[in-house]
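I opened this entry to look up the fold layout and the helix packing. My notes follow the order in which I checked things.

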Amino acid sequence: MTTRTMELMVGVFVAAAIAALVFLGLQVANTSDSTRGETYTLVAKFDNIGGLKVRSPVKVGGVVVGRVSRISLEGEYYEPMVEMQISTRYNAFPETSTASILTSGLLGEQYVGLEPGFIDDFVEMLAEGDEIPNTNSAIVLENLIGQFLFSQGDE
Amino acid sequence: MIAMLQRLGHATLENIRGVGAASIMLFQALVGKPQPLKMFPLLVRQLYVVGVQSMLIILISGLFIGMVLGLQGYTILVDFGAEQALGPMVALSLLRELGPVVTALLFAGRAGSALTAEIGLMRATEQLSSLEMMAVDPLRRVVAPRFWAGVITMPLLAFMFSAVGIYGGFMVGVQWLGVDDGAFWSVMQSNVEWQQDIINGFIKSLVFAVVVTWIALYKGYTAAPTSPGISAATTQTVVYSSLAVLGLDFVLTAIMFG
């Protein structure tokens, strides 16, 4: 084992350690099947996004069609706005579609559920950058209990 | 009765003397005028022996431990419909506990025992005495590079272990069992914190590195210069460092995450 080879191996060792550290630091392989190819952007405004996060899935009937790419507060009234990257394979959502924030399972992660709406002669398809007008916000358990108690009080 | 008490006292004093001797050894090896030019080639050689040669076992064990975590975690979490929590479960258990601890245990078995045997044999074949005859301090020339090599390499090995383990959990969880890819990483990212998890894991493995290397070097340096002596010293290195690592791990966890 010459000094040169030994130094080379130590170099490889340290490089591998740095690569591991970078991987841990970034924690990502920021690729995913439905956002890997071509995507287009849709936005939706909600009253409350609950526990939705960037990179949460967007699903149609349980099938992942895209990812949440940005969450921000928009406009004068600080409405939460969610930007979604949808795969161009699914590029024919009518503007009557509904976006809801749903929870997978009882304890699971929150995701955006897209429900395609009806189509007639006057309905156009959503394109790059369009807003989904119909939205249902996340259900906040405390509000639900509050409403329930309030309605109980009326009787 | 009195003889028993005396034996107890003798054993206690012996242990304390051992700790003191080990501290003096480490102090003499590390403190003094630094000689970077003389030290560096020795350090590189030890980095190779201690680090590079331990890399394969660390990577393979990390991969399999991550895969097992993925499999076991999935079977339990899927019952609650919470299999997205697989990512943080695998990542946190590796970064906080398994990475530093299993790396230290494997390191004690793979590199620590080798250090003890090597230095013990140097003692037995009077190589250390010859060094002293040549006015070369064996503590500075033999012990110090090995100590630094151990301290430098173990945290690096622990990082590799965690990274490979997380990848193993990803392979089993996402590619085999079908946990959602994006949820796996995004839930992991939202739960793993740089300061809380990665830095604390690094501190843990640094502490383990000092303890394991120190025990290995001391046991080798003070091994009885006979075949059974070296064999006993090697065994003691593995046993003591494993116990010390597991005990210290509890203390550190209680301080960091308690």
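I read chain A from the N terminus on, and its elements run α-α-β-β-β-β-β-β-β-β-α. That makes three helices and eight strands. I note that this is a predicted model.

Next I looked up the domains of chain A. Domain 1 covers 1-30 and domain 2 covers 33-146. Taken over C-alpha atoms, I find their centres 41 Å apart. I also checked burial: of the 155 residues of chain A, 25% count as buried.

Then I turned to chain B and its helix H5, residues 138-176.

I followed H5(B) along its length for a bend. H5(B) bends by about 30 degrees at B:Ala144. A proline, B:Pro145, follows within four residues. After the helix comes B:Gly178, and its phi is positive, near 85 degrees.

Is H5(B) buried or exposed? I find 32 of its 39 residues buried, so H5(B) is largely enclosed by the rest of the structure.

Last, I checked how H5(B) packs against helix H2 of chain B, residues 36-77. Their axes come within 6 Å and cross at roughly 25 degrees. Angles under 35 degrees count as roughly parallel, and H2(B) and H5(B) are therefore roughly parallel to each other. I logged the handedness too: H2(B) passes H5(B) in a right-handed crossing.

Methods:
Residues numbered from 1 in each chain as written. Chains lettered and ligands numbered in written order. Predicted model: local features only at pLDDT ≥ 70, side-chain atom pairs only at ≥ 80, totals over all residues. Helix = DSSP H or I, 4+ residues; strand = E, 2+ residues; numbered from the N terminus. Expected span 1.5 Å × (residues − 1). Bend = angle between axes of the 7 residues up to and from the residue. Buried ≥ 20, exposed ≤ 12 C-beta atoms within 10 Å, placed from the backbone. Domains from an automatic or database assignment. Axes fitted to C-alpha atoms, helices over the stretch in contact; angles between N-to-C directions. Parallel < 35°, antiparallel > 145°, perpendicular 65-115°, else oblique. Left-handed = near helix turned anticlockwise from the far one by under 90°.
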